[in-house]
Protein chains: 2
Amino acid sequence: VGAASIELHALAGIPAVREGDDLAALVEQALSRAQLQLRSGDILVFAQKVVSKAEGRLVDLASVAPGPQALIVAEEVQKDPRVVELILSEARRIVRKRPGLLIVEHRLGFIMANAGLDQSNTTTPDGREYALLLPIDPDASARVLRARLESRHVHGLGVVINDSFGRPWRRGTVGVALGASGLAALLDLRETPDLFGRTLKTTIVAHADEIAAAASLVMGQADEGRPVVLVRGARPASPRGQADVPARDLLRPPEEDLFR
Amino acid sequence: VGAASIELHALAGIPAVREGDDLAALVEQALSRAQLQLRSGDILVFAQKVVSKAEGRLVDLASVAPGPQALIVAEEVQKDPRVVELILSEARRIVRKRPGLLIVEHRLGFIMANAGLDQSNTTTPDGREYALLLPIDPDASARVLRARLESRHVHGLGVVINDSFGRPWRRGTVGVALGASGLAALLDLRETPDLFGRTLKTTIVAHADEIAAAASLVMGQADEGRPVVLVRGARPASPRGQADVPARDLLRPPEEDLFR
């Protein structure tokens, strides 16, 4: 189970992405420039930002009118009321709030700060302010990207869409999978016997999250220059033959959540 | 910031580790067999299991006499009272308990299931049952391993000790850094300007955790055959010149913990 070597390559020269751009075509051009050929089993990890931008999830803050709840919460958390309006519109519920901090349950089920809204790269030189929302359905985005990549290259590819998440008990962010297609996002190794022939009891691995974190190491954080990473060698044979488990299966069901 | 390519190689043929074994020597032999030379900037990731075993952290369950609290908790969580005794002896407090589940704050500050005790590989063929505790001080273990590796090979190495953690809101485990030396476990990118010249506000990356997760992809889970991974290319230049930030700095201070 698992490969003994993995390579990660950030694709160079992906241009700034705009609404409607064909990410699969941009990947094809980048691969061609780098003289890389996709192989069956390769996984491409896309930063959430470029997927969201291609899908037109950029919102001009000038177009947002904060409602009464957003105004109240914005004062409490000391954030722009327009941004808070967008966060709440993307959220099922507020999980925790403090000055400077707004953790919500995103409509997709993720427990995350600011519903994943990104503002760091979204003030343009013309002074307009934007916020970038998560893709509508990241597993579906991954599925579409995979289909486009497979039709251009080779079958048996995987796609992961990643983002940086904070954690409740650890400082700093780590890459996490928002969407996945063509791989087992959750890898059940429970029936694999260990060296003593005992069966492992509790080893279910968040495979797509580990891929997302690894890709994040090469994406860097400060620019959009390396938003796509080729991961080669990371797709283990699953003992249960799980071929395609979406990232939504990584969400713990609310009834198992001990930290609401 | 960050490399554009990373390679991960699991070192083949590391034998079963016993108390007192010199892990640096085992690594040297494995590198030699693989005809790999360590370079400055390389990071070696060690599975917690082998570090704990080398440090003699295996406890024979027959030697453990559960106390009154362990007996009560063991019944509630439906675990072996001797194991619960060990978990409690390693813990500062119980965070959550349910049948089948015991989450504690480890004496080192980690919020984790079973205080990191591992039983999956610790029943030997002679039928004796063991539990394996975390290293006494994983950052110190990483420091010692790094010094031994640097004296045998080259300076400028990094060492990470990883383990698999569950998360409160996501299913499956991910590799996490218990100890680190020679790299910035927490990487502060806040002063890196983005493409628009704006300064990033909140980008502090749990660099050692991302390395730990990436290494976990090649370690596999079901055996101890690949407990050491060479990571090449993952050490970014830190904008603030942070050279050596231990893994303990990844722990969120209790006063910032909103999910106690």
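Which residue forms a salt bridge with Asp257(B)? In this predicted model, the partner is Arg260(B), with the closest N and O atoms 4.0 Å apart; a salt bridge is a side-chain nitrogen of Lys or Arg within 4 Å of a carboxyl oxygen of Asp or Glu. Asp257(B) is buried at a relative accessible area of 10%, while Arg260(B) is partly exposed at 42% (buried means under 20% relative accessible area, exposed over 50%, partly exposed in between, with a 1.4 Å probe and protein chains only).

Residues are numbered from 1 along each chain as its sequence is written, and chains are lettered from A and ligands numbered from 1 in the order in which they are written. Local features need pLDDT of at least 70, side-chain atom pairs count only at pLDDT 80 or more, and totals for chains, interfaces and linings use all residues, with side-chain values taken from heavy atoms and hydrogens and water left out.

An open sheet of 10 strands with mixed pairing runs in the order S9(A)-S8(A)-S2(A)-S12(A)-S1(A)-S1(B)-S12(B)-S2(B)-S8(B)-S9(B). Strands (E, at least two residues) and helices (H or I, at least four) are DSSP runs numbered from the N terminus, and two strands pair if DSSP finds at least two bridges between them. S9(A) and S9(B) stand at the edges with a single partner strand each, so one side of each lacks a neighbour in the sheet. Within chain A, S2 (residues 43–47) and S8 (residues 158–165) run parallel and are joined by 5 bridges, with Val159(A) as the bridge partner of Leu44(A).

The bridge partner of Lys97(A) in S5(A) is Leu102(A). Lys97(A) also forms a salt bridge with Glu76(A), the closest N and O atoms being 3.6 Å apart; this pair links helix H3 to strand S4 of chain A across 21 residues.

The structure holds 38 salt bridges over all chains. Among them, Asp209(A) pairs with Arg167(B), with closest N and O atoms 2.7 Å apart. Asp209(A) lies in helix H6 of chain A and Arg167(B) in the loop between S8 and S9 of chain B, so the pair joins two chains. Asp209(A) is buried at 2% relative accessibility, and Arg167(B) is buried at 15%.
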